[in-house]
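These are my notebook entries on one model. I put the sequence and the structure first and the look-ups after them.

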Amino acid sequence: MREKAIDVVVIGAGQAGLSSAYFLGRLGFVPHREFVVLDAEDGAGGAWRHRWPSLRLDGVHGIHDLPGMPFGAPDATRPAAEVVAGYFADYERRFDLPVLRPAPVSAVRHGAGDRLLVESPHGTWAARAVINATGTWLKPFIPYYPGIGDFRGRQLHTADYRSAEEFRGMRVVVVGGGISAVELLTEISAVASTTWVTRRPPEFTGEEFTPDKGREVVAAVERRVRAGLPPGSVVSVTGLPETTAIRRARRLGVLDGRLPIFNRITADGVAWRDGHFVQADAILWATGFRPAIDHLAPLRLREPGGGIRLDGTRAVAEPRLHLVGYGPSASTIGATRAGRDAARGVRDLLKPGGAVRQGPTHAATA
């Protein structure tokens with residue numbers, strides 16, 4: 001199939017990808033002709049469309065506005081997946097963003113001349129620049145423990161969770177120290193016997209997650225990626241802020257009796273070195289995600305420390321590539337700024353001197 005020449009390909013249509021596309025349009029890049037957005041999903045919403053049905057808006061840290069269109073104040077008791085997916089769909093329509101889906105990207109490679117080749121079911125795009133915004137949802141992380149393959153019960157990750165009813169009457173071990181672990185522990189404990197285990201003692205901050213705290217988190221993670229290290233987990237930086245989920249869990253007493261992480265898994269439970277044993281019918285791994293960037297492997301970007309070194313959003317080893325939704329921008333609070341910075345970086349790369357492109361239908365301001 002013939003390669004399609006284009007200026008910019010944005011990979012992913014979650015919050016970071018949509019922000020990047022918005023700012024590309026504002027800088028004068030013409031949708032479809034000069035830039036496209038390739039999204040692996042079959043509908044709008046990014047990772048939010050996969051969140052479990054019982055996760056309500058008041059159970060998340062908060063949804064920050066996409067640029068140019070406020071999120072508003074929808075009913076906080078509605079499912080987050082439903083509300084955010086609807087918001088993203090409205091956003092795509094309002095700004096006529098050139099999103100193609102389902103278009104999962106299998107690889108990004110070096111092409112001829114100044115091009116990067118972006119391979120997808122919609123063909124291969126020969127782009128002068130790429131903004132990668134693939135997030136983490138497609139890369140759930142389950143750590144290895146001895147005996148993990150011997151367990152005869154059910155093992156699942158947060159990404160697979162749908163309803164507490166699946167566990168009614170069962171003995172469930174919930175592994176993880178983040179907000180998702182607490183949320184699911186609380187739900188499941190209403191219908192099952194639960195045991196909560198974490199790798200380190202959870203740090204309850206007793207404080208709301210404010211914009212100032214969000215900026216502190218972004219700065220801490222940014223220092224890691226500038227050093228070429230993997231971004232690390234959010235909870236390792238934020239601790240457990242005071243949320244509706246935390247307050248409810250504390251009120252119900254489900255946070256009491258937390259245990260340190262087990263040493264091994266057996267056929268019918270989990271065991272500690274001191275001889276303690278907990279029987280289990282299911283193990284729920286609320287152990288986070290890793291960046292979904294396998295398709296970038298042909299570019300050989302990883303540093304000895306295991307991460308991709310960034311200067312802002314630009315990959316140091318490949319200046320035609322910007323990563324948003326990675327590291328410091330892997331949150332709704334950092335996505336807008338990252339999208340703006342990536343779009344400006346692409347403009348400056350393709351138009352030396354930083355001259356703003358003048359598209360036929362765009363205001364060229366950002």
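Is the crossing of α3 and α6 left-handed or right-handed? I find it left-handed (the near helix is turned anticlockwise from the far one by less than a right angle; clockwise would be right-handed).

**Basis.** I am working with a predicted model, in which local features need pLDDT of at least 70, side-chain atom pairs count only at pLDDT 80 or more, and totals for chains, interfaces and linings use all residues. Residues are numbered from 1 along each chain as its sequence is written, and side-chain values use heavy atoms, with hydrogens and water left out.

**Confidence.** I looked up pLDDT, the predictor's confidence in each residue, from 0 to 100. The chain averages 86, and 82% of the residues score at least 70. Over residues 354–366 pLDDT stays under 50. For that stretch the model has 33 contacts (heavy atoms within 4.5 Å) beyond four places in sequence.

**α3 and α6.** Helices (H or I, at least four residues) and strands (E, at least two) are DSSP runs, numbered from the N terminus. The axes of α3 (residues 179–189) and α6 (residues 244–252) come within 9 Å and cross at roughly 45 degrees. Axes here are lines fitted to C-alpha atoms, for helices over the stretch in contact, with angles from 0 to 180 degrees between N-to-C directions. α3 and α6 are therefore oblique to each other (under 35 degrees counts as roughly parallel, over 145 as roughly antiparallel, 65 to 115 as roughly perpendicular, the rest as oblique). I list Ile179, Val182, Glu183 and Thr186 on the α3 side, meeting Ala245, Ile246, Arg248, Ala249 and Leu252 of α6. By class these are six nonpolar, one polar and two charged residues (Ala, Val, Leu, Ile, Met, Phe, Trp, Tyr, Cys and Pro count as nonpolar; Asp, Glu, Lys and Arg as charged; the others, Gly among them, as polar).

**α1 and α2.** For α1 (residues 15–26) and α2 (residues 80–94) I note axes that come within 11 Å and cross at roughly 15 degrees. α1 and α2 are therefore roughly parallel to each other. Gln15, Leu18 and Tyr22 of α1 make the contact with Phe88, Tyr91 and Glu92 of α2. The contact has four nonpolar, one polar and one charged residues.

**Aromatic pairs.** I get 13 of them (rings of Phe, Tyr and Trp, its six-membered ring, with centres within 6.5 Å; planes under 30 degrees apart are stacked, over 60 edge-to-face, the rest tilted). Tryptophan 137 and phenylalanine 289 are stacked, at 4.9 Å centre to centre and 25 degrees between the planes. Tryptophan 137 is in the loop between β6 (123–132) and β7 (154–157) and phenylalanine 289 in the loop between β14 (282–285) and β15 (310–311), so the pair ties together parts 152 residues apart in sequence.

**Alanine 159.** Not counting residues up to four places away in sequence, alanine 159 touches Trp137, Pro140 and Phe289. Alanine 159 lies in the loop between β7 and β8 (171–175).

**Backbone.** I find a cis peptide bond between arginine 101 and proline 102, with omega about -10 degrees. Histidine 32 is not a glycine, yet has a positive phi of about 70 degrees; histidine 32 sits in the loop between α1 and β2 (35–38).
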